[in-house]
Structure formats: C-alpha cells, structure tokens
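Subject: Structure for you, with notes

Hi there,

Here is the structure I promised to pass on.

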Amino acid sequence: MAAGTLYTYPKNFRAYKALIAARYSGADVKVDSGFKFGETNKSADFLAKFPLGKVPAFSSKNGLNVFESNAIAQLVGNKQLQGDNAESAALVQQWINFGDNEILPAACTWVFPCLGITQFNKQETDRAKEQITKALTVLNNYLLTCTYLVGERITQADISLACNLLMLYENVMDPEFRKPFQNVNRWFTTLVNQREFKDVIGDFKLCTKMAQFDAKKYADLHGGQKKEKKEKQEKQPKQQQQKSEKKPKAKEPEEEEEEPKPKEPKDPFLAYPKGTFDMDEWKRTYSNQDTEKVALPYFWEKFDKENYSIWYGEYAEDLSDSVTFMTCNLVSGMFQRLEKMRKNAFASVCIFGEDKKNQIAGIWVWRSHELAFTLSPDWQVDYESYKWKELDPDAPETKQMVKEYFLWEGDFGGKKLNQGKIFK
C-alpha cells in the first residue's frame with residue numbers, strides 16, 4: 001500500500017474517503033499541515049504535480065501523484081477494502097459510483113444553499129429532495145438483509161458512500177425526513193461510530209432540525225468577497241495618501257472571531273429523579289455474581305419502581321432473509337449507537353431461531369418511565385424497528401420474563417434461544 005502526503009483543507013468529506021481507508025489498511029498517510037487552500041494549490045510547484053489545482057491530491061513517497069478522491073482511497077486501501085475477488089471488486093465500484101452519481105449531486109444542490117455556498121433555487125432543491133428520497137429508498141431496501149454493502153465486512157463502498165451522505169445527515173436530514181430509512185440510518189450510524197471513522201471525522205451528530213437557506217448568510221459571504229476584492233483594487237493608488245487620515249479598521253467579528261463551540265448536550269436522564277436504584281452496583285452484581293442466586297434477588301430487592309421502569313422490546317421488521325450473524329449485528333450496532341445511554345440503562349437482548357428464521361426480543365431497564373429512545377435524537381436510529389411495552393414490575397409474568405431474559409434460560413413464550421447480548 002502507498003505512503004505519502006495528502007493535500008486538502010479541513011473537513012473535506014472527499015478527503016475523508018482516503019483518510020478513513022488509510023486507517024483501515026494501516027497506510028502511512030500524512031495531511032500536509034502547511035496547505036492553504038487558494039494559495040498552495042495555485043502555486044507553480046503544486047500545479048506541476050496536479051494541473052487541475054484541485055484537492056484532495058496525494059503524493060506518494062515513491063513519487064506518484066494522484067488526484068480524485070476515490071482513486072486516492074484505492075491507492076492507500078488494502079485488498080479487503082477494494083474487494084477480495086472480481087465480483088466483490090465490481091460491487092464495490094457499483095456502490096461507489098452510486099454514491100457519486102445518485103447521491104452526491106443532489107446532496108450538494110440541497111445542502112450548499114443552506115451553508116451559504118450557492119444561491120437557493122426552490123425547483124432545483126425540490127428535485128434534489130426527490131432524488132435523495134429515491135436513492136435512499138433503493139439503499140434502504142438493499143440494506144434490509146445486509147449489514148454492509150459488499151460482503152460481511154466494511155469495504156471502500158461503505159466508506160465512500162457514507163462520506164457522500166455526511167452533509168445530508170449533518171445538515172438537512174432531520175428525524176422526520178430520515179424516519180422511512182431505518183436500515184440506512186442503522187448502517188450509517190454503525191459506520192460513523194467505528195474507531196477508524198471517528199479518528200478522522202470525530203464524534204458525529206445527526207441533524208435535529210432541517211437547515212434552510214439563509215439569504216443573509218449568502219449575501220454576507222458573497223457580498224463580502226466582492227467588496228473585499230473591489231476595495232483592494234481601489235486602494236492601491238490612494239493607499240499612501242490616505243494612510244495618515246484613516247482610523248484603524250474595526251475588527252469584523254464574522255471573519256476574525258471564532259464561532260462558539262457547541263455545548264455538549266446534557267444527559268436527558270438528568271431531567272428525572274435519580275431514585276434509589278444504583279445502576280452501576282446492579283451491573284457489577286450481574287457481571288460478577290451468580291445470576292439466579294445473587295443477581296436476581298438483588299435486582300428485585302433494590303429495584304426502584306417509582307423512578308425506574310422495565311420494558312419489553314420485540315423487533316418488528318421482517319428477518320426472513322437474514323442469517324444469524326446479520327441479526328446479531330443488528331443488536332450489536334444498536335448497542336454501539338446507544339453508548340451514551342449506558343450509564344442509566346441495562347438490557348438483555350436475545351436472538352431466537354436460526355438462519356432465515358430469526359427473531360429479536362429483550363428486556364430493558366432504565367431511569368424514568370418515558371420511552372428512553374425518544375429523549376435524544378442520537379438514540380432514535382433503531383427504536384422504531386421494535387414494538388415497545390412497559391411492564392408492571394409487580395406482575396408475576398414480568399418477574400418470570402425478567403428471570404428468563406437475565407438467565408438466558410426458559411420457555412421465552414415458545415421461542416428457541418440462539419444467543420443473548422447484554423447492554424451494560
């Protein structure tokens with residue numbers, strides 16, 4: 001695999017494709033820290049290597065110069081990412097092209113006006129939304145029975161397509177818009193929570209409110225650029241004569257002040273009484289003591305039914321085409337996406353049946369009597385795929401159900417246990 005220098009500006013989603021690929025492959029790719037967009041890429045030395053002057057661009061240690069993001073990603077990736085046989089490689093290219101042709105142009109048309117980059121055109125934006133809906137519907141249907149786009153592990157197809165979707169998920173695809181695409185949401189959030197992705201893009205926040213075109217932002221950005229250029233041209237012959245008469249130019253906050261950093265969202269559970277149930281101590285007891293003899297008696301002795309609740313969740317979507325490892329990935333992915341919920345929640349989720357005949361169901365315990373997933377947009381990716389029911393902690397059937405799911409032993413309403421997973 002290649003090693004070398006990547007030229008790009010910060011937060012370039014196209015450059016992310018190569019940087020994430022390098023994390024998976026172990027390639028030694030360094031970003032040029034001295035790169036300045038508009039200066040470096042217009043220099044004679046840069047243009048001699050990359051005549052178009054576009055970024056990302058990559059110079060390998062052996063002297064090879066490559067432009068175009070997907071080509072760079074392929075160069076720094078490995079066989080697994082590219083497809084380990086001819087058929088897999090073809091499918092990887094299929095989904096990369098799908099992202100570039102069916103997703104990216106419409107994404108730019110929709111998002112760029114919201115960022116003040118381009119002028120807003122309602123007709124074009126509406127067409128872009130329709131195109132995104134069409135493409136995501138295709139992708140959602142495909143991902144119903146697939147964990148990843150090609151094979152059983154992440155490939156460049158997943159990386160490149162996810163990078164093309166970043167601006168949509170970050171700016172305009174609010175909970176209401178993305179609601180019909182639960183399989184795509186699950187796949188996307190699984191990817192952006194992988195260590196290799198997070199090393200490059202950081203902690204990713206899903207859009208909570210659809211961004212709209214801001215005419216003032218567009219005017220300030222583009223009007224400011226024209227004004228600055230005009231002033232530079234007009235000042236040249238008069239600058240020396242007027243220097244002594246001019247007062248120091250006032251600082252322009254929009255250009256020179258840093259934008260305030262967004263505050264870390266508070267834990268939604270803080271709005272509810274802490275109660276007397278020690279979740280951490282319960283988890284230690286469950287993990288280190290005999291479940292039937294010690295942990296279960298501890299749970300029912302200490303459980304605070306006024307401030308905590310017990311819920312049964314059963315997967316409601318069709319799993320008839322899913323093999324067991326894919327079903328397990330659904331559960332593991334959900335757990336991963338609920339990382340910030342762990343402090344105040346516990347669950348035992350079981351996979352039942354066998355390949356092509358799987359079911360998922362589990363017992364959840366958390367602080368408050370609200371359906372916890374609705375408390376934060378970051379927790380809403382998976383929950384609508386399940387049917388939820390709050391259980392009465394005093395009912396004998398609840399105690400029996402809790403016993404079966406916590407022990408992974410019992411009748412389970414006639415379902416055959418395959419394996420279980422614990423969220424703690």
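Before anything else, please keep in mind that this is a predicted model. I'll begin with the sheet and then turn to the helices.

The sheet

Five strands make up an open sheet, and their order is β8-β5-β7-β6-β9, with antiparallel pairing. At the edges sit β8 and β9 (417-423), each of which pairs on one side only. On average, neighbouring strands of this sheet are turned by 15° against each other, direction ignored.

Strand β8 covers residues 386-391 and is joined to β5 by 6 bridges, the two running antiparallel. If you want a landmark there, Tyr312 stands opposite Lys389 in β8. On its other pairing, β5 meets strand β7 (residues 359-367) in the antiparallel sense over 7 bridges, and here Tyr308 stands opposite Arg367 in β7. Strand β5 itself spans residues 308-315; 7 of its 8 residues are buried, so it is largely enclosed by the rest of the structure.

Next comes β6, residues 345-352. How many of the residues of β6 are buried? The count is 8 of 8, so this strand too is largely enclosed by the rest of the structure. Both of its faces are covered: Ala345, Ala347, Val349 and Ile351 are buried on one side, and Phe346, Ser348, Cys350 and Phe352 are buried on the other.

β6 pairs with β7 over 8 bridges in the antiparallel sense, and Ile351 stands opposite Ile360 in β7. These two strands form a hairpin with 6 residues between them, and Gly353 in the turn has a positive phi of about 85°. β6 also pairs with β9, again antiparallel, over 6 bridges. In that pairing, Val349 has Lys421 as its bridge partner, while Ser348 has Ile422.

Helices on the sheet

Helix α15 (residues 324-337) lies across β5, β6, β7, β8 and β9, and runs at about 15° to β9. Helix α16 (residues 396-407) lies across β5, β6, β7 and β8, at about 110° to β7.

Helix α5 is worth a look of its own. It has 29 residues (86-114) and reaches 41 Å from its first C-alpha to its last, close to the 42 Å expected at 1.5 Å a residue. At its start, a side-chain oxygen of Asn85 comes to within 3.1 Å of the backbone nitrogen of Glu87. Further along, α5 bends by about 40° at Ile103, with a proline, Pro105, following within four residues. Just after the helix, Gly116 takes a positive phi of about 80°.

Is Asn164 buried or exposed? Its relative accessible area is 0%, so Asn164 counts as buried, the cut-off being under 20%. Its side chain makes a polar contact with the side chain of Asp100 (2.9 Å). Leaving aside residues up to four places away in sequence, Asn164 touches Phe13, Lys17, Gly99, Asp100, Ile103, Leu104 and Ala107. One of these, Ile103, is the residue where α5 bends.

Note on methods
Residues are numbered from 1 along each chain as its sequence is written. This is a predicted model: local features need pLDDT of at least 70, side-chain atom pairs count only at pLDDT 80 or more; totals for chains, interfaces and linings use all residues. Side-chain values use heavy atoms; hydrogens and water are left out. Buried means under 20% relative accessible area, exposed over 50%, partly exposed in between (1.4 Å probe, protein chains only). Two strands pair if DSSP finds at least two bridges between them. Axes are lines fitted to C-alpha atoms, for helices over the stretch in contact, and angles run from 0 to 180 degrees between N-to-C directions. Contact means heavy atoms within 4.5 Å. The expected span of a helix is 1.5 Å times one less than its number of residues. The bend at a residue is the angle between axes fitted to the seven residues ending there and the seven starting there. A polar contact is a pair of N or O atoms within 3.5 Å; within protein, one must be able to donate a hydrogen and the other to accept it, and residues adjacent in sequence count only if both atoms are side-chain atoms.
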